[in-house]
Amino acid sequence: MKTNIGVFFGGRSTEHEISVISASQAMHAIDRNRFDVTPVYIAKDGKWYTGEALLEVSNFRNIPALLKKCKRVYMRPETGDFNLYYYDKPFWSNGIATKLDVVIPVLHGSNGEDGTFEGLLETIGIPFAGCNTLSSANGMDKITMKMILQANDIPVVDYVWFTDKQWFKEQESLIARIEEKLGYPVIVKPANLGSSVGIGRADNREQLCNRVREAERYSTRIIVEDLVENLQEINCSVLGDCDDYTTSVLEEPIKTGDFLTYEDKYMGGSKGAKGMQASQKRIPAELPEDMTKHIRHLAGETFRVLSCHGVSRVDVIVDKETQKVYVNEINTIPGSLSFYLWEATGLKFDKLMERLVALAIKRQREQAMKISTYDRNIFSLGGGVKGAKGGVKK
């Protein structure tokens, strides 16, 4: 029997539509001679659906009509139960829609790429491609990520971070700290979003306050970074696990302003979103050989120290004046799964998907060799349990 791959996409995220595009690309790339594909769409209200109609991205122009062609489903948070169940159980069946063998999450942004969905998959114990709960959370949160990178001597730009409540209570002192440590211009970002959502440049105090108010709409944690004005943005994809990985050729995305916007990334200058492969870029990036090696090394180190898995994309900044390179962020579920970078490296999209399935199964086998519980039951040893409140003395 063929391996049944469950591809999860959509989600409660500002990057919902981009997730749909990436998943559609991925599902069409999977070799149907070797694998079955079960699409699982997570709507914006959090409900799960499956159905053949989900395989065509054009159907998403009319979501209500699309969902009428699909069935609501769910998975039980029970270890070892890999079944996908119908929400409304047909009277003539056991309620099982299908059994999944491997899951490939293609959920961009919050509530999917940040470890929440990965935690569910780890609870169930099903093999899945991509980062686990911890590395997903650390990779998604720009503050935590930079802290880990700094601790491992990976260069990042100077920054100041705070919560929305801190900003409300300590606005003047935070502004003074930003101006003293960073100066203007700065770039203000929500800490846990991708796709350039909620990001803006500030050249003075008034703009800073406006940008923070905008970022607060999306996140409780805000990061303000030193803005490298004369910069070159370079991206590199990494594939494998933290102990055995390879890096792709480099790309230079073409931006229209101070930083890559949502439109730069996904619309390629057009009115219709087509995913990351539609954005304007140079592949391979035009860089000296030593700079190329250095960036690929930093991308690999970022992937390694964050304990990543599957396919990620690391975005770096090159200061054109000093030639210093800074790691900007990592995307643990990159747009279009960075397939265009791997095709430029010599790995076709269908082979990339096969590699992700193999990595998922390999990790589950390795994890199964670790101790997670003890067979001994301390309550069967007799007597009281020392240190336990309410324990009965012998």
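Mentor: What follows goes through the salt bridges pair by pair and then turns to one helix contact.

The model is predicted. In it, the count of salt bridges comes to 21.

One of these pairs is lysine 44 with glutamate 17, whose side chains meet at 2.6 Å, N to O. This pair links distant parts of the chain, the two residues being 27 residues apart. Lysine 44 sits in the loop between β2 (35–42) and β3 (48–50), while glutamate 17 belongs to helix α1 (residues 16–29). The relative accessibility of lysine 44 is 52%, so this residue counts as exposed. Glutamate 17, with a relative accessible area of 37%, is partly exposed.

A second pair is formed by aspartate 81 and arginine 76, with an N to O distance of 4.0 Å. Here aspartate 81 has a relative accessibility of 11% and therefore counts as buried, the limit for that class being under 20%. Arginine 76, at 33% relative accessibility, counts as partly exposed.

Lysine 293 and glutamate 289 form a salt bridge through their side chains at 3.5 Å, N to O. Helix α9 (residues 289–305) holds both residues, and they are 4 residues apart, about one turn of the helix. Lysine 293 and glutamate 289 are both exposed.

Salt bridges also join residues into a network, which links Arg34, Lys351 and Glu354.

As for helix packing, two packed helices are described by the angle between their axes and the distance between the axes. Helix α4 (residues 133–140) packs with helix α5 (residues 142–151) at an angle of about 100 degrees, and their axes are 5 Å apart. The range from 65 to 115 degrees counts as roughly perpendicular, and α4 and α5 are therefore roughly perpendicular to each other.

Lysine 44 and glutamate 17 link distant parts of the chain. Lysine 293 and glutamate 289 share helix α9, and both are exposed.

Terms used. Residues numbered from 1 in each chain as written. Predicted model: local features only at pLDDT ≥ 70, side-chain atom pairs only at ≥ 80, totals over all residues. Heavy atoms only, no water. Axes fitted to C-alpha atoms, helices over the stretch in contact; angles between N-to-C directions. Parallel < 35°, antiparallel > 145°, perpendicular 65-115°, else oblique. Buried < 20%, exposed > 50% of the residue type's maximum accessible area, 1.4 Å probe, protein only.
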